[in-house]
Amino acid sequence: MSLFIDTVLRLAGWLLLAPLIPGVINKVKAWVAGRRGPPVFQLYYDLAKLWRKGVVLSHVVSPMHVAGVAVGWVALVGAAMLLPLGEGGLAFRGDAILFVYLLAVARFCTALAALDTGSAFEGMGAAREVSYAVLAEVAVITGLVALAVESGSLSLSTMLTPSPGAGVALLGAGLFIVLLAENCRVPFDDPNTHLELTMVHEVMVLDHSGPPLAAVLHGASLKLLIFSVLLAEAVLPLGAMPAWAAAAALAGAVLAIAIGVGLVESFLARFAFRRVPLLLTTAFLLCLFALLTAWKGSEFGVTESSVAERGAPAAEPFFGWRP
Amino acid sequence: MKELLVILAPFAGAIAALAWPREGTRRRLLPVVGAAHAVLTGWLLVDPPAAVEGSWIGFDAVSRAVLPAVSLLFLVCSFYGLSYLRLRPERGNRIFVASLCGLLGLLSLSLQAQHLGLLWVSVEAATLSTVPLLHFNRTGRAVEAAWKYLLIGGTGIALSLLGSFCLGYASLVGTGGGDLTFAALGREGAALSRPWVLAAWVLLLVGYGTKMGLAPMHTWKPDAYGEAPGIVGALLAGGMTTAAFVAILRVRQVVDAAGEGLVANRTLLVLGLFSMVVAALFLLGTPDFKRMLAYSSVEHMGILSVGAALGVGGLVASLFHVWSNSITKGALFLSAGNMRRAAGSSRVPEATGMVWLTPVSARVFAVGVFAITACPPFGPFFSELQVVRAASAAGQTGAMFLFLGCLLLAFLGLTRLAFSVLDGRPRRSADASRDRFRETAGILVPPLVFLAASLWLGLATPEWLRGLWDEAARTLTYPG
Amino acid sequence: MSSNLNLLIGIAMGLNLVALASGRLPSLIRAAAMQGVVIGVLPLLMHSEFHWLVAAVSAGTVVVKGFVIPSLLQRALRAAHIDREMEPLIGFIPSLLLGAAASIGAIGFAGALPLRPEHAGVLLVPGAFATVVCGFLLLMGRTKAISQVCGYLLLENGIFLFGLLLIRSTPLIVEAGILLDLTVAVFVIGIIVDRIQREFDTLDTRKLTALRE
């Protein structure tokens with residue numbers, strides 16, 4: 001029974017807190033620009049408004065147009081539920097792989113829903129989105145492998161207990177770039193733009209309206225929260241802290257990441273399309289070197305504590321990777 | 001102290017050239033320095049200084065066997081330079097003369113260097129001192145050649161420094177010693193750390209091989225030799241490459257002592273044969289007779305490298321070939337320089353009928369081409385024959401036949417181009433320039449002297465010279 | 001001490017990749033200069049006891065590699081009105097990936113070589129090899145003369161890193177040799193760059209193609 005309540009509380013937390021992050025980012029951008037900006041809760045108002053509206057569908061779309069959005073949103077919620085928050089929760093061996101797959105499913109369904117309209121414009125948006133995603137995904141997977149090698153585990157709850165060292169800084173930087181790319185933030189895409197040729201993510205959702213659009217927007221904010229939490233937990237040693245301190249640290253870190261994203265958006269211009277792969281390759285390399293320090297670092301004293309010192313985790317062979 | 005004099009005298013000449021006030025008479029320093037160097041070298045040969053243990057500079061058997069060749073080359077070239085610079089009054093010659101003298105001093109230093117670091121410093125400095133020589137002509141093509149030379153040569157020299165460090169570290173890991181003289185490294189022998197010795201060998205071979213012009217690191221050579229004045233080409237092909245070859249020989253000796261002689265010999269053999277193949281193929285295609293000489297030089301570096309891989313007999317042959325190649329190349333480069341000036345170009349459609357334009361130089365060139373392609377009775381025939389005999393004695397029959405095949409191809413390529421340059425009718429534009437260019441004794445005698453020396457080396461190789469080569473080859477191999 | 005050393009070498013290796021990824025000449029020069037400063041500090045960290053020769057090498061390296069040469073290059077850049085964008089022969093992403101592969105390969109390769117006990121667990125050898133290879137990539141993959149000089153600087157930095165292994169055992173002449181050669185080399189290169197500019201009104205070495213077989 002307590003498991004049920006626990007799960008419901010987590011779910012409610014994820015769903016309710018997610019729209020806050022874009023609000024914080026927009027507020028930071030407004031502050032830097034010297035404007036007052038929209039209220040922090042603006043996305044809540046928007047979602048409520050969209051929920052009350054009707055759906056306008058094109059004649060040519062199939063049910064996939066709406067189903068894709070729904071499946072994508074559910075997949076994102078599932079991914080969020082896999083991330084560990086304190087004791088308990090969903091945790092099993094290999095959930096990291098499921099996590100990556102759920103994120104991929106969400107993107108796949110969003111792209112499919114966009115392609116379903118048959119519009120060349122939305123097709124172009126979907127193509128751009130997945131061409132970024134191909135590179136970003138490699139970086140995410142490399143980062144997760146780095147964590148897996150370092151902890152010797154394939155479960156997110158044990159993987160996300162980093163040890164201090166150079167590897168963490170590399171991983172943090174890499175995951176931050178991935179966060180910006182995956183959520184279509186500024187150097188990659190401008191979430192505020194409605195200039196047709198520069199949009200990436202926005203293009204895909206142009207034909208959605210009403211509740212499906214609300215699901216897309218909520219899903220996007222949820223994804224942002226997922227990546228912020230992932231980044232925070234990958235960098236901060238939350239497991240070593242008492243529960244209340246861990247919660248406070250996590251909340252603070254997520255807030256800091258949101259502010260960081262806002263600052264990046266304020267001070268950086270959007271990159272030219274051809275420069276984007278270079279940045280994503282950089283993110284991949286950062287994660288790759290984090291993997292390397294996790295794997296070989298103990299030989300060179302780069303990571304302060306090796307796995308052996310922390311006690312090798314219980315039997316969880318990972319494709320024979322043993323640091 | 002005598003061995004220091006032979007280094008310091010050219011440096012003094014270089015300083016004098018820099019300080020010399022009169023543009024017109026500065027070139028007279030060249031024969032003075034060349035003669036002084038030759039006299040000092042002769043004195044060293046007659047009355048060898050006692051070897052000092054642990055000294056960084058020493059006139060050992062190897063320098064005894066090679067330094068006289070460089071000295072002779074420079075002496076004859078310096079007389080050519082005297083006449084050549086009179087033909088080029090429009091170019092300031094302060095830097096040119098100083099660089100030539102400095103190059104001679106640095107070559108003498110590198111041939112006598114008994115210390116890994118000192119050897120590197122001298123070869124590096126020699127590389128830098130040749131850059132001004134290469135863009136003496138100041139044309140766009142000369143600048144391009146100098147840039148490539150500096151970039152490729154600089155990279156090679158950087159790699160050889162890395163290799164020197166690796167060898168030093170091999171000694172540090174092995175015995176903890178930090179003495180980088182070749183004698184000390186050879187004494188440490190098998191105590192050197194093998195993996196580091198191999199790493200050092202690869203890097204040093206690539207590094208000094210770049211300076212020597214072994215394929216595939218030879219790409220600077222055609223450009224540099226094609227654009228530099230003939231005298232610079234002769235000194236690069238006969239002096240600079242010799243210094244790099246001696247550096248490789250000394251390193252090979254250490255590697256041999258460390259017990260990796262087999263690997264060293266095999267790499268030298270492969271690299272040498274590869275250079276010969278590459279050079280032979282390029283010789284078949286090039287339309288430029290100065291670039292042809294460069295590819296021929298690559299081929300002969302390959303021959304040296306093959307010889308060095310074949311034990312004592314091969315080393316003797318290699319040292320013989322150092323002499324015969326550099327002296328014959330001297331004749332070729334100097335006569336080619338004359339032809340180039342007369343024709344205004346060194347490419348085939350522009351430069352033809354050289355027999356009419358420059359009768360003597362063209363004939364010297366033709367004889368030189370036969371000499372360098374190993375036609376008897378010139379020096380290269382006998383030295384290459386000795387390499388072949390060493391190869392068959394070492395049981396390298398396959399290498400021997402490849403070697404002979406490359407020589408044949410090179411013969412075809414060289415004679416093909418040489419005769420299309422010499423034969424035919426002179427172009428009208430070249431005809432007009434005949435009034436400007438006259439073959440004077442000053443630019444004809446030096447190549448003739450080289451040709452005579454090559455003949456002398458072939459017909460009557462002096463016994464004392466053979467003795468020097470034998471002794472050097474024996475010190476260069478590890479007994480055992 | 002060793003972990004501080006490794007951190008700095010790691011930063012130097014990272015700067016290799018920054019240099020490979022930078023698309024504009026000023027940022028390339030800046031990366032090379034920063035690497036010069038980073039590796040210049042290393043000799044001080046390697047020895048617990050203070051030695052004036054080591055300090056001199058360190059100070060000389062920082063000044064020459066970190067400030068003198070970069071400012072010379074920047075002056076050349078300004079004086080010659082060179083277009084700051086680079087057009088690479090090897091694209092930025094391939095060269096970045098090659099550089100990363102070289103860094104990883106260098107770590108693997110260095111593991112196969114025996115080290116003295118006091119050098120075990122120090123990234124000097126892999127750092128040196130990785131920097132040399134990245135320098136090579138820049139030399140081969142960029143067309144502008146100044147970017148090639150920067151590649152050469154990286155090459156020299158790698159060799160300097162390796163030389164630190166020997167700094168205690170051999171006389172410092174080897175070290176001094178590097179600085180000397182570096183200044184002279186860049187000096188001569190600078191003169192030639194100047195000439196190239198006067199001859200061609202451009203610093204694009206791709207235009208140096210008159211000599212071709």
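A residue is called buried here if 20 or more other C-beta atoms lie within 10 Å of its own, exposed if 12 or fewer do, and partly exposed in between, with C-beta atoms placed from the backbone. By that criterion, buried residues make up 46% of the 323 residues in chain A and 49% of the 213 residues in chain C. The model is a predicted one, in which local features need a pLDDT of at least 70 and side-chain atom pairs count only at pLDDT 80 or more, while totals for chains, interfaces and linings use all residues. Residues are numbered from 1 along each chain as its sequence is written, and chains are lettered from A and ligands numbered from 1 in the order in which they are written.

Confidence comes next. The predictor assigns the complex an ipTM of 0.88 and a pTM of 0.86. In terms of pLDDT, the predictor's confidence in each residue from 0 to 100, chain C averages 79, and 77% of its residues score at least 70. Within chain C, helix α5 (residues 124–141) has the highest confidence, at a mean of 91, whereas helix α7 (residues 173–200) has the lowest, at 58. Where pLDDT is low, the predicted coordinates should not be read in detail.

Helices (H or I, at least four residues) and strands (E, at least two) are taken as DSSP runs, numbered from the N terminus. Chain A holds 13 helices and zero strands, and chain C holds seven helices and zero strands. Two residues count as in contact if their C-beta atoms, placed from the backbone, lie within 7 Å. Of the contacts in chain A with a separation of 6 or more, 80% are between residues 24 or more positions apart; in chain C, 73% of contacts between residues at least 6 apart in sequence join residues at least 24 apart.

The contact between chains A and C takes 13 residues from chain A and 16 residues from chain C. On the chain A side, helix α12 (residues 276–300) gives the most, with ten residues. This side has eight nonpolar, three polar and two charged residues, where Ala, Val, Leu, Ile, Met, Phe, Trp, Tyr, Cys and Pro count as nonpolar, Asp, Glu, Lys and Arg as charged, and the others, Gly among them, as polar.

In chain B, residues of helix α4, including B:I95, B:F96 and B:L103, meet residues of helix α5, including B:L119, B:V123 and B:P132. By class, this contact has 13 nonpolar, six polar and no charged residues.
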